[in-house]
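Take a look at the protein below.

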Amino acid sequence: MACMGALSQTRAVLTLSEACERNKGPILEVLRTEFAASRSVLEVGSGTGQHAVHFAAHLPHLAWQPSEVEEQLAPLAERIRLEGTSNVRAPITLDAREHPWRVAPVDAVFSANTLHIIAWSACGPSFAAWRAPLRRRAWCACTDRFASRGNIRVTAMRNSTLT
Ligand SMILES: C[S@@+](CC[C@H](N)C(=O)[O-])C[C@H]1O[C@@H](n2cnc3c(N)ncnc32)[C@H](O)[C@@H]1O
């Protein structure tokens, strides 16, 4: 019982995004198809880590690599440590405005609700940094509030369309 108390106290300090809780189910259904042939995914702007632990748990064929800017890395690492399945890697530091990204090659890049925070102009010419870690025939899937009325749209782009 003491352990349970300690665990719930530890979990209580994890940041919780209600938006993540709402959208993780619908996004997962898209990723089941889009990432069916992928084996490794780099997530940009993982935030609370709720997406990372949820998608990795439901897509066990994937090695999921979360990432965040330096100042947000510690709370993300804590969620991965507490809730991540074995196919979630320890999060790495990645500022998407940097060129080039110092990351290992992956089959896919995923990002949710982050592009609207990073200025389009900072994403670099032709999204070169986003495309760079992708192997041939890989996918980049981005969800963002591009659409009006707060709809969430999942956009999957073959790397060849990121030119
Ligand atoms: C609205 S939150 C979304 C987090 C998570 N993907 C989600 O859907 O809940 C945006 C995230 O982008 C991260 N972020 C902001 N600037 C960034 C940058 N230049 N490179 C990478 N991530 C960045 C923030 O730290 C934050 O966690």
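## Overall layout

The protein has 5 helices and 7 strands. The model is predicted. From the N terminus on, the order of elements is α-α-β-α-β-β-α-β-β-α-β-β.

The protein has 163 residues, and 44% of them count as buried. Its accessible surface is about 8800 Å². Carbon and sulfur atoms hold 55% of that surface. Now consider contacts between residues at least 6 apart in sequence: 68% of these join residues at least 24 apart.

Helix α4 spans residues 73-83. Leu73, Leu76, Arg79 and Ile80 are buried there. They lie on the same side of α4, because they cover an arc of only 130 degrees around the axis. An α-helix has 3.6 residues a turn, so residues three or four places apart point the same way.

What covers these buried residues? The cover includes α3 (50-58), β3 (67-68) and β4 (92-93). On the other side of α4, Ala74 and Arg81 are exposed.

## Val44 in strand β1

Val44 sits in strand β1, which runs over residues 40-44. Is Val44 buried or exposed? Its relative accessibility is 2%, and buried means under 20%, so Val44 counts as buried.

Which residues does Val44 touch, leaving aside its neighbours within four places in sequence? Its contacts include Ser67, Leu94, Ala96, Trp101, Phe110 and Trp130. Ala96 is 52 residues away from Val44 along the chain, and their C-alpha atoms are separated by 7.2 Å.

Note on methods
Residues are numbered from 1 along each chain as its sequence is written. This is a predicted model: local features need pLDDT of at least 70, side-chain atom pairs count only at pLDDT 80 or more; totals for chains, interfaces and linings use all residues. Side-chain values use heavy atoms; hydrogens and water are left out. Buried means under 20% relative accessible area, exposed over 50%, partly exposed in between (1.4 Å probe, protein chains only). Helices (H or I, at least four residues) and strands (E, at least two) are DSSP runs, numbered from the N terminus. The arc is that of the directions from the helix axis to the C-beta atoms. Contact means heavy atoms within 4.5 Å. Accessible areas come from the Shrake-Rupley method with a 1.4 Å probe; for residues, only the protein chains shown count as cover.
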